[in-house]
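Please read the numbered points alongside the sequence and the model.

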Amino acid sequence: MIIPVRCFTCGKLIGDKWEEFARRVKTGEEAGRVLDSLEIKRYCCRRMLLAHVEITDEILRFYEEAEKRKEARNYYY
Amino acid sequence: MKVKTLKKTSSELKIEVEGIGHTICNLLQKRLLEDENVDLAGYDIPHPLSSNSVIYIRTKGNMKPEEALRNAVKKAHEMNKEFSKELKKALKKI
Amino acid sequence: MEIEVLEKVDMNMRLLIRGADVPFINALRRTVITEVPCMAIDEVVIIENSSVLQDETIAHRLGLIPLKTDLDGYNLPEECPCKSEFGCNLCRVSLTLDVESKEGTRTVYSGEFISENPDIVPVSDKIPIVKLAKEQKLKLEAYARLGKGKKHAKWQPVSMCTYKFLPQIRIDSKRCDACGKCVEVCSRKVLVKAGDRIEIRDLMPCTLCQDCVDVCPQNPPAVDVSWDENTFILNLESAGALPPERIMSEAVKILDKQLKEFVRQIKVKKSEKS
């Protein structure tokens with residue numbers, strides 16, 4: 001769903017690093033290097049970010065679309 | 001912390017302690033075994049989910065097991081105090 | 001006993017301890033993980049939640065947020081003189097969150113919490129809690145309490161506390177022909193080739209894997225990896241609630257208290273008998 005707050009295995013805080021990680025990987029940086037610069041050393045924490053899929057965004061699209069439709073309806077009627 | 005005596009003779013002692021686990025038991029076992037007068041020392045945690053442990057001590061006969069146990073705790077306590085002192089010293093340097 | 005701080009970088013600390021033994025260091029390690037208290041959100045009253053996450057999922061996420069802890073100012077709920085299940089100002093901090101997405105989708109961050117006590121706040125302001133679409137609302141009140149790691153991992157002050165023996169590497173320079181195989185195989189880059197010799201670059205990262213011994217073509221191997229059983233490298237990484245040095249000194253204090261209590265109990269037992 002949304003990025004977990006802590007690493008499942010060791011309990012290190014990783015939630016606050018996701019947005020920077022995702023942004024930098026999207027700009028073409030190598031994921032491993034980004035993790036290194038964020039000082040995520042252990043592989044249990046690294047997989048948290050590497051293997052994460054932000055499904056909330058997909059679910060939120062339903063609400064965004066519904067909102068758009070509502071606006072369109074208000075516009076025509 | 002609650003202590004219950006399960007068995008007690010002149011050279012044997014078996015106590016059940018509520019609320020301590022491997023942390024302290026293992027430390028005490030090692031300290032007990034360092035004592036020359038102790039023949040056998042061990043501990044058991046009958047159920048992994050409960051924090052009750054059974055400590056068993058057998059001495060060679062020239063010392064009461066309670067005495068040996070008390071010495072062991074004292075030794076562990078002193079080591080901890082020394083660590084605390086050294087830690088303070090080391091932390092001051094940074 | 002001798003202690004040296006090898007490294008101290010914000011939330012990490014490495015100690016070199018000489019003259020200790022495994023049961024003692026292990027007792028310390030276990031105490032750090034299970035007995036040192038820190039603060040975490042423990043109870044959440046959800047007033048309104050129209051987000052995509054369920055109430056319990058949000059409550060769980062809130063619980064895992066590390067909070068900056070003031071150990072001197074607060075009591076453990078079971079030791080607090082108020083004896084109330086709900087808690088008082090000495091054993092509970094209330095944090096409130098009231099957010100609504102007015103325009104488009106937005107993320108709610110841990111920094112949006114309003115704490116009763118400005119010292120007890122999330123360690124990081126950038127932890128995403130939930131994402132809200134337009135017109136979705138989240139309104140809640142959370143109560144943070146002190147707790148111990150043995151009850152729930154959210155109260156663990158550390159994300160890592162490990163120890164290892166101090167490695168000792170000996171290279172027999174008479175038999176070593178500096179083939180460099182041991183340098184190549186070492187994933188921690190402990191060894192380095194210096195001209196016609198093999199030298200130790202940095203001893204600390206060595207994991208005692210013995211790969212360099214196995215790969216050595218000499219028989220018996222020219223390199224020998226052993227360890228000092230009375231010297232330890234203790235590695236501590238705080239989750240952010242408390243500084244690592246505080247965690248360490250707190251663990252020592254707790255262990256001291258427990259041993260004292262144990263002595264007291266066996267004394268009581270003895271006086272009962274006689």
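1. In this predicted model, helix α1 of chain B and helix α1 of chain C run roughly antiparallel to each other. The angle at which they pack is about 170°, and angles over 145 degrees are counted as roughly antiparallel, so the description applies. The axes of the two helices lie 9 Å apart. In chain B the helix spans residues 22–33, and in chain C its partner spans residues 22–34.

2. As to which residues form this helix pair, α1(B) contributes H22(B), T23(B), I24(B), N26(B), L27(B) and K30(B). From α1(C) come P23(C), F24(C), N26(C), A27(C), R30(C) and T31(C). Sorted by class, the contact between α1(B) and α1(C) comprises five nonpolar, five polar and two charged residues.

3. The contact between the chains as a whole involves 26 residues of chain B and 28 residues of chain C. On the side of chain C that touches chain B, the elements giving two or more residues are β1 (2–9), α1 and α5 (244–273). Of these, α5(C) gives the most, with 15 residues. By class, this side of chain C holds 13 nonpolar, five polar and ten charged residues.

4. Turning to the layout of chain C, the domain assignment gives domain 1 as 2–34 + 159–236 and domain 2 as 38–155. The centres of domain 1 and domain 2 of chain C, taken over C-alpha atoms, are separated by 42 Å.

Key: Residues are numbered from 1 along each chain as its sequence is written. Chains are lettered from A and ligands numbered from 1 in the order in which they are written. This is a predicted model: local features need pLDDT of at least 70, side-chain atom pairs count only at pLDDT 80 or more; totals for chains, interfaces and linings use all residues. Axes are lines fitted to C-alpha atoms, for helices over the stretch in contact, and angles run from 0 to 180 degrees between N-to-C directions. Helices (H or I, at least four residues) and strands (E, at least two) are DSSP runs, numbered from the N terminus. Angles under 35 degrees count as roughly parallel, over 145 as roughly antiparallel, 65 to 115 as roughly perpendicular and the rest as oblique. Two residues are in contact if their C-beta atoms, placed from the backbone, lie within 7 Å. Ala, Val, Leu, Ile, Met, Phe, Trp, Tyr, Cys and Pro count as nonpolar, Asp, Glu, Lys and Arg as charged, and the others, Gly among them, as polar. Domain bounds come from an automatic or database domain assignment.
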